Amino acid sequence: MPTTATQPTQEEECQTLRTFITTSLEHGTVDLPLLPQVANQVLQLSDDPNADVTKLSALIQQDQALAGKILHVANSPAYLPRSPIVSLQQAVAWLGMNMLAGLAFSVSVQSGIFTIKGYEREVRLLWGHALATGLFGKEIARRLRHNVENAFLCGLLHTIGKPVLLHLLLTSPLHKLHSLSWQALEPLIQEFHISAGTKLAENWKLPSPVQEAIRLYPDHTYREATSPTKGTVITCLADHLASYTLGRNPLEEETLRALPVIQDLNFYPDDIDALLDLGEGIQKSVEAFLV
Amino acid sequence: MTAISPYDLIVIGSGPAGQKAAIQAAKSGKRVALIEQNREVGGACVYQGTIPSKTLRESALQMVQFLQATDVFEFRMRDDVKIANLMTRLDKVVRAHGAFMTEQIARNGIERLHGRAQFVSDRAIQVQGLDGTTRTIEGNYIVIATGSRPRVPDHMPIDHEHILDSDSILSLVYLPKSLTVFGGGVIACEYASIFALLGVQVTMIDTADRPLKFLDQELTEQFCHAFEQTGGNYRGQLKIQSAQWDGYSKTMTRLENGEVLESEKILVALGRVANIEQLNIQAAGLEATPRGLIAVNAHCQTTVPHIYAVGDVIGPPSLASCSMEQGRRATCHALGLESGDAPEHIPMGIYTIPEMSSVGLTEQDAVEKFGGALVGRARFHEIARGQISGTTNGLLKMVADAQGKKLLGVHIVGEGATELIHIGQMGLLHNIAIDRFVDNIFNFPTLAEAYRVAALDIAKQRKK
């Protein structure tokens, strides 16, 4: 790596990257690669005539990127849905297993494989958080006796902009990129992930409740959501519960319990107790998936 | 804990029954507290029951009418407007109704307390807020109006994802290809007919040989016929052994006869249970009945004289219309106000497709009670308005005494039944003779003309 007297500071590099991200989101197309282990499993299952169909179905329903891509392709004119495919269960039921396996296969082959040396842990954490949010979303919806499928999908895809950005940054032609630490990249990802996710969701024509959740899930915007599915408000709380459970930038329990979103969902202390009690099981599900 | 505040009346629950109880007291100048555990007032009626299901029904009917009109008016509906639009309209109607009720409560000066209520004694109630803090209030009179929720049978793994109840089915974001409905009651029939009309392959499973057994058999036969015409299938005299999701793409219903039914989703509509567990009614000196209800007398008064119970917590008829009247009358009785004559001939409206409505005695009831009956029928396809509006699938049935003189009951199936029934109700309330329906003039063309046709049918039999 060359070093010169004019080498930019980390702050200048961040500014350059910020400009690069903004320009890419405004003019370029954004894409999202799969995790290598997910792609491998899909390929194996697709190739095996005796494969357990439930495994492929479960795989699709647990991976952020694959879920998004399946929804995108399933809604394309090529598959002629009689009405928009807005849920993974609906996609599985509508497309049938053979078509779904073929679709997953082509998606896996066409997608880049997400192998970024030096960032494996961070990528896994991003995926883990998304899955945990989806699983908490399901449980919140169950307590509300509300649509569980939509809550899961919104949670699974709410931070889809993060891997998009990471991929964008780490494959960019900018020099000296790899000298940037995760500590330097993370604020950028945090800053732009909603814009990137919104752009991807629009490009892929993801279901409108999912687009809304991606755009508005944070604490300061979830009240702007208008979809009757409640996916955004559910995702807001699910995101906090996932962070708390996985120990990633968690709030103190007392702060968590005082969040306005809990009041807006009309959850009493015993409702939150019940949700927190599910944390261990959700953590195990996430670990099992990422191994 | 804050200081105890005395209220003239405390109402627990803001559904139709609780709301009317509170408003009646407030209008009488009393100090009223209304405790509601949800953020919004209105109860299940507004958010999970009457209003949403009827709105969904109306939207489905309008959509199908539009689709039927496409040949005439040469337009085409977008494929992607279906369920999302139905649900958005549902949300708007529910919000509007909730806002109206909130405003009505505020206008009457009723103090709203947001929290969960629990009896501390027969006059004191502890209210727990969302943040866990509590306050205790006291009232001279207390009205329990906490409503009901869908029953979850022990062997039914309702996950609100693949196996739904009547609450979670309202938040579907797409139409499943197939739906198995457990139950043959009002809620089961309403949703089964709505989803069948929307093109979902619906199968109803129940132990009874026909749905809605409490209704006149001719009505339910006509309902079943219409249901089958939209692709629905009622399968009676069957017992469900288990239900489960296959973990992949479909649900499996195992019947006791060994048969296995597959469908994309299941709706469990096997009754409702009263919301009384969290109330700690024992502290007030009350006990639940073996069916989990609160026992009351004709004035909706419990065994503790200053505590009343109204609406779904006291059991059938569990109609919003009756609950409202129970709430009003309970308050009147408690406060010593004149409440008027006790309601007679309460109509029952069932919002299936087609609608069904009933008031007074059925043919079978009349025979049992009076030893005989004459029945007059008017089929909607014989009525000009039925032909004009395309409402030909309907029947109005008038039940008279054995001499064909006295009106005893009216039973209607067909669109508009729940409105049309009120003519019969007024006839019963004022003891109007069958001949009055023949001698008088109805607007033409209207479906109300069916009353005259049915009355003539009775008169014709009488002459024999």
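How many residues does the contact take from chain B and from chain A? It takes 37 residues from chain B and 34 residues from chain A. Keep in mind that this is a predicted model.

**The interface**

On the chain B side, B:Leu130, B:Glu161 and B:Tyr248 stand out: they supply 24% of the area that chain B buries against chain A, more than any other three residues.

B:Glu161 also turns up in a salt bridge, where its side chain meets that of A:Arg142 at 3.7 Å, N to O. Eight salt bridges are found across the interface of chain B and chain A, along with 14 residue pairs in polar contact, both residues at pLDDT 80 or more. As for secondary structure, helix α4 (residues 82-107) of chain B gives the most to the side that touches chain A, with three residues.

| Class | Residues of chain B touching chain A |
|---|---|
| Nonpolar | nine residues |
| Polar | 14 residues |

**A look at B:Arg329**

B:Arg329 lies in helix α7 (residues 320-335) of chain B. Is B:Arg329 buried or exposed? It counts as buried, because its relative accessibility is 18% and the cut-off is under 20%. Its side chain reaches the backbone oxygen of B:Gly340 at 2.8 Å. Leaving out residues up to four places away in sequence, B:Arg329 touches B:Ser339, B:Gly340, B:Asp341, B:Ala342 and B:Pro343.

Notes:
Residues numbered from 1 in each chain as written. Chains lettered and ligands numbered in written order. Predicted model: local features only at pLDDT ≥ 70, side-chain atom pairs only at ≥ 80, totals over all residues. Heavy atoms only, no water. Helix = DSSP H or I, 4+ residues; strand = E, 2+ residues; numbered from the N terminus. Buried < 20%, exposed > 50% of the residue type's maximum accessible area, 1.4 Å probe, protein only. Polar contact = N/O pair within 3.5 Å; in protein donor to acceptor, adjacent residues only side chain to side chain. Contact = heavy atoms within 4.5 Å. Buried area = accessible area lost by both parts, 1.4 Å probe. Salt bridge = Lys/Arg side-chain N within 4 Å of Asp/Glu carboxyl O. Nonpolar A, V, L, I, M, F, W, Y, C, P; charged D, E, K, R; others polar.
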